[in-house]
Amino acid sequence: MKVKVRAVIFDFGHVLSLPPRRENMAWLAERCGLGREQFNLFFHELRPEVDRGTLEVTEFWTRMARRGGRTVTDGALREMARRDLEAWTQPNHPLFAWAEQLRRSGWATAILSNMPPSFLPHLEAHFPEVSRFQPPVFSCRVGMVKPEEGIYRHCLQLLGLPAAATLFLDDRPENVAAARALGMHALQFHTVETSGGAVGEQFELPPIEPMKAAG
């Protein structure tokens with residue numbers, strides 16, 4: 001029997017937006033003097049405080065470069081911050097379309113995302129659909145980051161729903177595990193094709209339709 005939920009909660013990066021542009025992340029790794037694995041390791045180690053709003057993006061990139069034995073100028077730091085932001089600008093159109101279908105059919109939709117404060121103006125300017133998600137919970141606004149328990153509880157409180165009435169989609173396994181520990185239904189999101197199938201198999205929800213090729 002498929003599970004019934006009353007709300008779907010979306011992560012932003014890697015879910016509502018596509019994975020960061022590879023060329024941007026490769027450029028940033030090179031500027032830091034780091035190989036791909038080292039870069040990813042240090043990125044996820046240092047990023048939570050940026051998302052919490054307690055560490056400036058430029059200081060984050062200073063520390064990343066220091067891990068690679070590099071020093072960078074103020075101008076280079078500004079360019080690194082710009083390319084970091086630019087990397088996350090590709091919307092995952094099928095997910096936005098699915099969220100709109102959910103709302104029209106009576107489901108609530110929310111966002112629960114780790115997000116630096118410097119990204120929010122860009123988000124509001126280039127992703128106007130985000131305003132349709134209620135509530136939009138961003139880590140930098142509440143001073144908590146996933147997978148901390150408090151940020152999930154905050155989102156559930158704003159939704160006014162019990163954990164068991166929600167489905168949470170996130171690309172990070174530790175964030176999915178934290179949601180499940182609170183009694184939320186949660187799936188690790190990979191792609192529309194693979195994860196959309198899992199949603200359809202397990203939940204009483206409309207199917208997620210992949211984007212059709214032009215022509």
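Residues are numbered from 1 along each chain as its sequence is written, and side-chain values use heavy atoms, with hydrogens and water left out. Because the model is predicted, local features need pLDDT of at least 70 and side-chain atom pairs count only at pLDDT 80 or more, while totals for chains, interfaces and linings use all residues.

The strands come first. Helices (H or I, at least four residues) and strands (E, at least two) are DSSP runs, numbered from the N terminus. Strand β1 (residues 7–10) is covered on both faces, with A7 and I9 buried on one side and V8 and F10 buried on the other; buried here means under 20% relative accessible area, exposed over 50%, and partly exposed in between (1.4 Å probe, protein chains only). In a regular strand the side chains alternate between the two faces of the sheet.

As for partners, two strands pair if DSSP finds at least two bridges between them. β1 runs parallel to β2 (residues 108–113), joined by 4 bridges, and V8 sits opposite T109 of β2, while F10 faces I111. β1 also runs parallel to β4 (residues 166–170), again through 4 bridges, and here I9 stands opposite F168. β2 is itself mostly covered, with 5 of its 6 residues buried. It pairs in the parallel sense with β3 (residues 136–138) over 3 bridges, and L112 is set opposite V137.

Next, the helices. A76, L77, M80, A81 and D84 are buried in α4. Seen down the axis, the buried residues of α4 fall within an arc of 140°, so they line one face of the helix; the arc is that of the directions from the helix axis to the C-beta atoms. In α10, the buried residues are V192, S195, G196 and V199. They cover an arc of only 105° around the axis, which puts them on the same side of α10. E193 and E201, on the other side of α10, are exposed.

Finally, the pockets. On a 1 Å grid over the protein atoms alone, a pocket is an open set of points where a 1.4 Å probe fits, with protein on both sides within 12 Å along at least five of seven lines, and lining residues have an atom within 4 Å of a point. Grid points are joined across faces, edges and corners, and a volume is the space filled by probe spheres set on the points.

The largest pocket holds about 1,100 Å³ of space. Its lining counts 37 residues, with H14, P20, F43, H44 and W88 nearest the centre. α1 (22–32), α2 (36–52), α6 (120–126) and α9 (173–181) each supply at least two lining residues, and α2 gives the most, with 8. By class, the lining has 18 nonpolar, 9 polar and 10 charged residues, where Ala, Val, Leu, Ile, Met, Phe, Trp, Tyr, Cys and Pro count as nonpolar, Asp, Glu, Lys and Arg as charged, and the others, Gly among them, as polar.

The second largest pocket has a volume of about 180 Å³. Among its 15 lining residues, L18, N92, P94, V192 and E193 lie nearest the centre. α5 (93–104) and α10 (192–202) are the elements giving two or more residues to this lining.
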